[in-house]
Amino acid sequence: MNTADAYALDQQLVRRRFAQKASKLALDATLEDEIGSRLLEHLDPIKVEPRQVLDIGSGSGVTLLALRDKYPRANLVGVDCCFPMLMTAATQLSPTLPTTQLVCADIAQTGLRSASVDLLFSNLTLNWCNDINAAIEELHRILRPGGLLMLSVLGPDTLSELRNSWAQIDSGPHVQQFPDMHDIGDNLTRTGFADIVIDAERLTLEYKNIDRLFGDLRDWGVGNVCQGRARSLTRRKDFEAMTAAYETLRR
């Protein structure tokens, strides 16, 4: 297996992980919600009155509620590839957003009409795509001319400490690769998006121990979802060596 294939995401595993997350109901998505909140704040100075608003990767529906507050007259649609997550969203949204449509589809193949959406909102969804180019092309297809796309992605430095600690043990894929922001910008330009503004922020989460870090990754529904991941349990001595390497980064 070459490097690209080894780091490609196992999409069936990604869906299973998010399905497990949906079943917990009490979702711990502090980082995800924080980034989503900051992305929503970027909408504040933009004077738009969208009729059709689409949340790609809508998850449990938290962002749909916030979008309803911002645009009470708009039609809302939430798209997610994980059906159990959509069921969680339907349960939580039905009392307050009875007219919101929820669609189970992949970001690269939404099945929605071309040029049918005024505002596209995507919080960290591109990070779960193997073909980001295809996803961006689909977003461009369904966005109306003059429409607005707001998206966030985790950058290439995400989990770099964990990645570097594992690299001292072996060369296998333990942490997925994250896209470079310049590549995202180039893809958007090549696809036909205009007036692109890219803003980078560095968020640092500090942990008392590595168990809390892995606990957060599991609660988020992720962890190692690379195709080339080891299918056997990590040897204790390897895990201890990785932990020792990670401990040198403590401050």
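Okay, let's start at one glycine. Leaving aside residues up to four places away in sequence, G57 touches V79, D80 and T125, where contact means heavy atoms within 4.5 Å. G57 sits in the loop between β1 and α4. Helices here are DSSP runs of H or I with at least four residues, strands are runs of E with at least two, and both are numbered from the N terminus. The C-alpha atoms of G57 and T125 are 5.5 Å apart, although 68 residues separate the two along the chain.

Before I go on, a word on what we're looking at. This is a predicted model, so local features need pLDDT of at least 70 and side-chain atom pairs count only at pLDDT 80 or more, while totals for chains, interfaces and linings use all residues. Residues are numbered from 1 along each chain as its sequence is written, and side-chain values use heavy atoms, with hydrogens and water left out.

The cut-offs are under 20% for buried, over 50% for exposed and partly exposed in between, with a 1.4 Å probe and protein chains only.

Now the sheet. In what order do the strands of the open sheet come? There are 5 of them, in the order β3-β2-β1-β4-β5, with parallel pairing. Two strands pair if DSSP finds at least two bridges between them. At the edges you'll find β3 (101-104) and β5 (143-152), each with a single partner strand, so one side of each has no neighbour in the sheet. From one strand to the next, the twist averages 20°.

Let's zoom in on β1, residues 52-56. All 5 of its 5 residues are buried, so the strand is largely enclosed by the rest of the structure. Both faces are covered: Q52, L54 and I56 are buried on one side, and V53 and D55 on the other. On to its neighbours: β1 runs parallel to β2 (residues 75-80), joined by 5 bridges, and V53 stands opposite L76 in β2. To get from β1 to β2 the chain passes through helix α4 (residues 62-70), and this β-α-β crossover is right-handed. That means that, with the strands pointing away from the viewer, the path from the first strand over the helix to the second runs clockwise.

The other neighbour of β1 is β4, residues 117-123, which is also parallel to it and joined by 4 bridges. Here L54 stands opposite L120. Then β4 pairs with β5 in the parallel sense over 6 bridges, and S122 stands opposite L151 in β5.

Helices pack on this sheet too. Helix α6 (residues 132-142) touches β1, β4 and β5, and its direction makes about 140° with that of β5. Helix α5 (residues 83-93) lies across β2 and β3, running at about 170° to β3. For these angles, axes are lines fitted to C-alpha atoms, for helices over the stretch in contact, and the angles run from 0 to 180 degrees between N-to-C directions.

Most residues other than glycine have a negative phi. In L124, though, phi is positive, near 70°. L124 lies in the loop between β4 and α6, and counts as buried because its relative accessibility is 3%. L159 has a positive phi as well, about 60°. Its place is the loop between β5 and α7, and with a relative accessible area of 24%, L159 is partly exposed.

That brings us to helix α7, residues 160-167. Which of its residues are buried? They are S160, L162, S165 and W166, and what covers them includes α9 and α10.

How do α9 and α10 pack? Helix α9 (residues 210-220) meets helix α10 (residues 236-247) at about 105°, with the axes 11 Å apart. The two are therefore roughly perpendicular, the word used for 65 to 115 degrees. I210, L213 and F214 of α9 make the contact with F239, M242, T243 and Y246 of α10. By type, these residues are 6 nonpolar, 1 polar and no charged. Nonpolar covers Ala, Val, Leu, Ile, Met, Phe, Trp, Tyr, Cys and Pro, charged covers Asp, Glu, Lys and Arg, and the others, Gly among them, are polar.

Last stop: S232, in the loop between α9 and α10. S232 counts as exposed, because its relative accessibility is 56%.

Definitions and conventions: Parallel < 35°, antiparallel > 145°, perpendicular 65-115°, else oblique.
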